[in-house]
Each structure stands twice: as structure tokens, then as C-alpha cells.
2 protein chains.
Amino acid sequence: LKLGELGEFGLIDRISRKAHLSHSVRIGIGDDAAAIEPGAGLLTLVTTDMLVEGVHFDLDYSDPITLGRKSLAVNLSDIAAMGGVPRHFLVSMAVPGETPVEFMDAFFEGMVSLGDDFGVSLIGGDTSSSPRGLVVSITVMGEQTPDLVVTRSGARPGDLIWVTGTLGDSALGLALLKKGTGEGGAVRRHLDPIPRVREGIRLAEGRLASAMIDISDGLLADLGHILELSRVGARICLGRLPLSDDFLAKRDLAGEDLFSLPLGGGEDYELLFASSPENTSAIQTAMAETGTACTTIGEITSLPGLSIVAENGEEYLPEKQGYNHFLK
Amino acid sequence: LKLGELGEFGLIDRISRKAHLSHSVRIGIGDDAAAIEPGAGLLTLVTTDMLVEGVHFDLDYSDPITLGRKSLAVNLSDIAAMGGVPRHFLVSMAVPGETPVEFMDAFFEGMVSLGDDFGVSLIGGDTSSSPRGLVVSITVMGEQTPDLVVTRSGARPGDLIWVTGTLGDSALGLALLKKGTGEGGAVRRHLDPIPRVREGIRLAEGRLASAMIDISDGLLADLGHILELSRVGARICLGRLPLSDDFLAKRDLAGEDLFSLPLGGGEDYELLFASSPENTSAIQTAMAETGTACTTIGEITSLPGLSIVAENGEEYLPEKQGYNHFLK
């Protein structure tokens, strides 16, 4: 069955049957707008990300279930980076008419299953035909107490700089996929990233992060956003960057130097945050409870700019700074 | 200057400078997510619509300012159809790299100016390169008291069926544009529809609508949604359909019968609602205060199905039912 045979309203019916609604949803899919009840005294956090075939994903590399999961995951990651609790999401898609309905079923199954893992309900969206390629746009709404929301602008000189998990796997995974070797942890990290939602909430609720961002454009680019908005500088140590075993075993295949992918590769969807040194043991305890490793990679400085210190103590000059749409 | 020279972050900077923030916005453009303060005791209404070049718009017909206005207008229309007060919006765009920055400036200028007209603030979004064509996805958030929200499902037998404004202009305008005659009221209605936000709020606050929808897919298709969700039928009278002078003067140019565009043309972005006959004078007073005409076109019946009565009293059978993506 092709979408061209099922039609828009048949598709909406199939999607609504997959949506699991939480008690805060007063009106879900099927009216002009959804209606939700915001939590009393909480701020609403809202973020949106668009994924374009040929730019953000390649249907040769990803099955539709995994693509559905990732489309939602990259948005949940933004809520996580504010320390927010994600609650609801909407999905708009432009879909070529020859797309099989089974593709859409699998895509929504993946997306809703990741939503279920994090207690996030699908409440609405829009479907349109596309003359050229698949485009997915997701909006996620979350919430948090006003004084616990973590922005990019609160880093202070002397704060330590932390990252969750490991860096560079996703970019290595993409490089491996392009070479036709589509297996292993790095490839999985690229295709099916798990957003650090629980970690972000723990950090916010413990007031353990002065500034936070998720690493989507690459460590250097995203740290740069914190530095710019916090009006501070930073020094990071190459030798401290957390690298996975799969990364260390396979990175020679990517043909880049050891640090280019962890520094600039992007799509890690790890949390990068700053925190006063006195919080160190509380951070370690909180992260141990989530089961996620967390590493200090440097510190915030009052001197502007970012300096990267190599293991021999010399300054390291990275080749690329991170992903920027439109710039080649 | 092309986007390929300005880059993603340069573009975001330019956009943020255009955004006018209201007091409810705690964090606007520039962090991982926006943060807004929901109104106490109100439901949050949220809707999203995607516009795809070659499906929803043609850059040969619309200048970027007008396209920016329409992209937001079609979303505001959905909030209006719930009786909601729109407050905030997010915009995601996939944009070909060769697009001039001036195009983007004008697009956002149009969008923000329409937002200003209705008190709606741009609070976030996402920009991406596009390998093929422009795609715009907008999410609008609004609010309303829980018991004033108007759904599609409350129409009752005996209710009168009302529409604001006139029908068929937009579809006629598109037909005229395709023939190369791009002037006049119908063409303006197609390119620059004004969402019936104030009218929707007045109807909701006066409890004057038992069910409401905006006409985007065409009167018959959208009335069909109300009938299905309210589990009722309807009878409408062709002779009562409100038609504009420009429509009557030019509709022969479209080469279709007099009623096919008002019934099935779509993109009217008028409000279609049901209301008990006892509300008639209150509706007329409320709509007169907004300056928008409002017409009864039929009534809700307990008998399921939709019957259309021609001016000679006979049943009229429409050729097409409205727009459905994916179906040819």
C-alpha cells in the first residue's frame, strides 16, 4: 500500500492509533490544535528541529524505525540540555507519494517507542506530500520549575567543564557507514542516539550545572556557544576527552587525526555543562545513579577564547570547528 | 549575500534581531529551547503546519514578505478555530544554499509583522540547508480557558452552520495566478490570507460556537470533519454560500462551475462553526464588532451525511470533495 492510495486522512487515522496520551493531554491528534494542561508554576520549554533527507539522514543507512527514533531523540536532547522534563511532541512530515505505508508505520512506531521510554506523548502534527525527498520537523514541549532551568549563559570562571558519555562515536559511525561498514557501537551511536534526558533532569534538580548545552554541532562549536553567551573562555585538555573502545579500535578507518571527530564531528547528543568544582562529588553520585559516565575535560576561564592543550602540554590547533549549515 | 556565505549562525543572529518578545517569554531564540510562562489556569493550544515549495506555494507567485505572512497565517488560523489566543511561534526552515539573505530577511519580516498584528512572538526555530526546494514548518502555541476551547466535536442537531467572510476566493486566486493574471481581491486572498483570530476568540468567549474548524481543505471536507467527530449530519444551501464581488466577476475565468471552488477549493482560512439558533443575534453583534461578515449556510441534522440543496430545491452533487494530500 502506497501513501498515494491511503491518502492523508487514512494516514492520520493510522498515526493517531499509535499515540499514547498522558493525563495532561486534553485534546490530542484530530482537531485544529492539541490542548494540554501545563503544570502549575512550571515554565513550558519548547524546541524544534528539522531533519532533511540528504542533509541529516540517508535512507540507505537507516531503517525507518531507527530514523523515527532519532528524529525524536535529537529534539529530546535539546529539552535535556535545559534540564527539562519532556512531555509532548508534534511531528510534521513532507513525504513523497510513492512512500510505502509500511515505511510510515515503522517510522511512527520507532518515534512513539522512544517517546514511551521518556514519557513523551505524540499530540499532533501535519502530513503533506513532498515533490522531492522526505522532510521531518518535530516540536517537543517540556517543563521545569523556573529556577531550575539551565541556560547556556551561566558558566563562571573556575567552573569545571563536563561531558556525559563519549565523544566522536557518531561522526566515526557516519564515516564507517559511508565506507560500507555499517556495524558496531559507533554506527549505532550515529543512527540511534539516546538523549540524555534523565541526566539533564538530575543535573537541573540538583542545581549541578551553571550552563548546559547538548553536543549536536561538535564539542568546539557547542562549547563556543556557552563561552559566547556566558562571556567567558575555556581551557580543555585533549587527553581528557572521553573516547569509547569502539572509537579507539576503529578510528584509523576514518583517516582523520585522533581528535578531529571528538572535537568537531557533531551529533554526539551528549550533555556538555559547566559546574563549580565543589559540585564534583555530587555530580559523580548523580551520574552514577543514571549509569552514565561523566568526565571533566577542562575548566572555564575569565580570559576569553578557547585554548586546547595537547597531552604534551602544547597548544593544539583543530582543523575544523564544527558543523554549520550553509557553509561549505 | 547568499546564505552559503552568511552561514547558519549569522542567519540566526539576523533573525533574533527581528523577534519582538512579549513578557511571557523567559528565554527566546538562542538557547537549546525557548522557555515561556503559561497563563495560570489556561490550557496550552499547539498546532503545526508545514509548507512545501511546489506543493503549498510557488515562488513565482509570491514575494517573500507575503510568503512569510501566509506561513504564519495558516497556523494562526488553526488556533483561531479552537477559539484560542495565539501567543508564541517557532519556525523551522530547510533552505537551498543559493538563497539570497535578502529573501530570508524579507520572509522573516513578513512573518514577524503578521505576528505583531496578532500579538504573537517568534521564540525559536531551526535552520537547515536543503538540497531541493524550500520547506517551512511553523508551530504556534496559544491559550484559552479550558471550558471555552471549541473543538470539532460539539455540533448538535438543530444548530445553524455559519461561515465567516466569503468562500472560493483563494482557489479562484490560485487559478488566476496559474493563468498569469495575478491581481485583485481573490489573488490577494490566496497569497495573503488574514486569519480569523479575533473572530474565533469572540465566538469562544461568548460561548457562541458548539463546534468550529477553519476551512483549509475546502468547505465540504472541513464540514465533513465536524460531522464525523460530532456524529451528526448537515444540510447546506448553495444559494446561501457567501461569494465575494471579485469572485462573481472573475469566476468564469477559472472555467469551473459556480460552486466547485466555494465548496471544494480550499485555503479559504475562514471559520466554519455550528451554533444553536438562539445565539443568532449575539453572533451577528459579535461579528459586526470585528467588522467581519458572517453567514448561515445551513443546519446540523441528526440524520447522518451531508446534503447540499441547490437553489431550485434539488439535491446538488459536487464534483470534488476537497484537498487530500497524496490522493491524486
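# Notebook: a predicted two-chain model

I started with V95(A), which sits in strand β4 of chain A. The model is predicted, and I kept that in mind throughout.

**V95(A).** Is V95(A) buried or exposed? I looked up its relative accessible area and found 0%, so V95(A) is buried.

**T99(A).** I moved on to T99(A), in the loop between β4 and α4 (101–117) of chain A. Its relative accessible area is 11%. Buried means under 20%, so T99(A) counts as buried. Which residues does T99(A) touch, leaving aside its neighbours within four places in sequence? I found K2(A), L3(A) and M104(A). I also looked at G4(A), which is 95 residues from T99(A) along the chain. The C-alpha atoms of T99(A) and G4(A) are separated by 8.1 Å.

**K18(A).** Next came K18(A), in helix α2, residues 8–18 of chain A. I noted a relative accessibility of 22% for K18(A), which counts as partly exposed. The cut-off matters here: partly exposed begins where buried, under 20%, ends. I then listed the contacts of K18(A), again leaving aside neighbours within four places in sequence. They are D105(A), F108(A), E109(A) and V112(A).

**Helix α7 of chain A.** I turned to helix α7, residues 197–205. Which of its residues are buried? I noted V197(A), E199(A), G200(A), I201(A), L203(A) and A204(A). I then asked what covers the buried residues of α7(A). Among the helices, the cover includes α3 (64–80) and α11 (280–290) of chain A. Among the strands, it includes β4 (85–95), β6 (135–144), β8 (211–214) and β10 (271–275). Strand β4 is also where I had found V95(A). Just after α7(A), I came to R207(A), which takes a positive phi of about 50°.

**Chain B, backbone angles.** I looked up R207(B) as well. Its phi is near 50°, a positive value in a residue other than glycine. R207(B) is found in the loop between α7 (197–205) and β8 (211–214) of chain B. Is R207(B) buried or exposed? Its relative accessible area is 53%, and exposed means over 50%, so R207(B) is exposed. I noted a further positive phi at E267(B), about 60°, and E267(B) is not a glycine. E267(B) has its place in the loop between α10 (260–264) and β10 (271–275) of chain B.

**Chain A as a whole.** I stepped back. The secondary structure of chain A comes to 11 helices and 12 strands. The C-alpha trace spans about 65 × 50 × 35 Å along its principal axes. Does the radius of gyration agree or disagree with a compact globule? For 328 residues, such a globule would have a radius near 20 Å; chain A has 20 Å, which agrees. Of the 328 residues in chain A, 61% are buried. I also checked contacts between residues at least 6 apart in sequence, and 84% of them join residues at least 24 apart.

**Surface and charge.** Chain A exposes about 12,400 Å². Carbon and sulfur atoms supply 49% of that area. I found 26 positive and 46 negative side chains in chain A. The centres of the two sets lie 1 Å apart.

**The two copies.** Last, I compared the chains. How is chain B laid on chain A? A turn of 180° does it, with a shift of 0.0 Å along the axis and an RMSD of 0.0 Å. That is the relation of a two-fold axis. I then looked at the interface. 100% of the interface residues of chain B are also interface residues in chain A, so the copies meet through the same surface.

Key
Residues numbered from 1 in each chain as written. Chains lettered and ligands numbered in written order. Predicted model: local features only at pLDDT ≥ 70, side-chain atom pairs only at ≥ 80, totals over all residues. Heavy atoms only, no water. Least-squares fit on C-alpha atoms with pLDDT ≥ 70 in both. Contact = heavy atoms within 4.5 Å. Helix = DSSP H or I, 4+ residues; strand = E, 2+ residues; numbered from the N terminus. Rg over C-alpha atoms; globule rule 2.2 N^0.38 Å. Buried < 20%, exposed > 50% of the residue type's maximum accessible area, 1.4 Å probe, protein only. Areas by Shrake-Rupley, 256 points an atom, 1.4 Å probe, with all protein chains shown as cover. Lys, Arg positive; Asp, Glu negative; His and termini not counted. Charge placed at Lys NZ, Arg CZ, Asp CG, Glu CD.
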